[in-house]
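Reader: I would like a close look at one part of this model, with the aromatic rings as the subject.

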Amino acid sequence: VYAIMGTWSVDSLGMAKFGLNDYFPTLLHEFNHSFVNDLIEKNITKFESSGEKIYTVVGKQMQNQAYGDYRTMLSEALVRASVIKYMKDHNFKKEEIDEEIQDNLNNGFLWINELENELEKYSKQREKYPTLESYIPNIILAYEDYANNIFEYEKMFDKERPNIVSINEFKNFDQNVNSKINVFTINFDKPLKGKGYSINYGEKGKTFFPEIGKIKYSEDRKSVIMEVKLIENKEYQFIVSGMSFISEKGIPIKDYIIEFKTE
């Protein structure tokens with residue numbers, strides 16, 4: 001299996017440039033797939049039970065990243081754990097490693113720390129296990145444990161998330177909201193990073209989305225204040241998403257639907 005690297009950077013003469021900072025993260029991740037995918041596929045029946053169990057919990061997040069089944073998820077997880085191990089082995093800054101781990105947890109790979117620890121065990125036993133292929137039976141056994149604990153991993157991660165606790169101007173799902181309200185104040189139980197906003201259409205679509213003006217954070221970053229313009233006797237729906245609304249540690253909120261009707 002070959003991994004072919006394209007280029008999107010050229011110099012003044014049109015010659016390809018491969019800047020380390022721009023290209024290395026892609027090289028490190030994608031070239032791993034040339035070695036990892038085949039090992040997963042050769043042993044897929046032994047991963048099936050644990051893979052399917054984990055996918056039932058994190059499948060929606062995986063599908064949002066185009067990982068359409070547990071097989072793809074397993075290959076991706078092993079590649080991502082390998083990247084973290086590489087970063088540790090090559091003395092990346094702790095903040096960079098922590099950010100990489102958090103990014104994987106945010107993307108649904110809730111067992112990523114345990115999987116990277118398994119690779120550390122493999123690394124210390126290379127005389128017994130000269131290749132990753134020879135160590136795969138141990139990873140298969142480890143995945144049985146991950147599957148049995150996946151709900152606990154999810155619970156632990158959710159405890160760290162910021163949550164929406166209230167909206168000052170009305171209660172969510174109210175059916176008699178004053179249409180003259182021109183500001184929404186959405187309150188969280190933890191301070192947010194306070195950079196960017198992610199407010200999206202709900203399932204009902206664009207026609208139910210309110211007209212939104214300026215948005216800002218409170219000084220303590222525990223509230224988001226939105227200017228709005230409402231219409232009488234109209235249903236509204238929108239989603240406050242975890243794409244930008246994240247804690248100081250980088251942990252996103254769960255997508256939160258706000259829905260109401262004006263008088």
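Are Phe170 and Phe184 buried or exposed, and what can be said about the rings around them?

Author: The model is a predicted one, and in it Phe170 is buried, as is Phe184. A pair of aromatic rings is described by the distance of the centres and the angle of the planes. For Phe170 and Phe184 the centres are 5.1 Å apart and the planes stand at 70° to each other, an arrangement that counts as edge-to-face, since the cut-off for that class is an angle over 60 degrees. This is one of the 21 aromatic pairs that a search of the whole structure finds. Because Phe170 lies in the loop between β1 (164–167) and β2 (183–188), while Phe184 belongs to strand β2 itself, the pair ties together parts that are 14 residues apart in sequence.

The two phenylalanines also belong to one aromatic cluster, which is formed by Phe170, Phe184, Tyr201, Phe209, Tyr236, Phe238 and Phe260. One member of that cluster, Tyr236, has a charged neighbour over its ring, for Lys234 lies over the face of Tyr236 at 5.4 Å from the ring centre. Lys234 likewise lies over the face of Phe208, where the distance to the ring centre is 5.8 Å. Both placements can be checked against the cut-off for a charge over a ring, which asks that NZ of Lys be within 6 Å of the ring centre and within 35 degrees of the ring normal.

Methods. Residues numbered from 1 in each chain as written. Predicted model: local features only at pLDDT ≥ 70, side-chain atom pairs only at ≥ 80, totals over all residues. Heavy atoms only, no water. Phe/Tyr/Trp six-rings, centres within 6.5 Å; stacked < 30°, edge-to-face > 60°. Helix = DSSP H or I, 4+ residues; strand = E, 2+ residues; numbered from the N terminus. Buried < 20%, exposed > 50% of the residue type's maximum accessible area, 1.4 Å probe, protein only.
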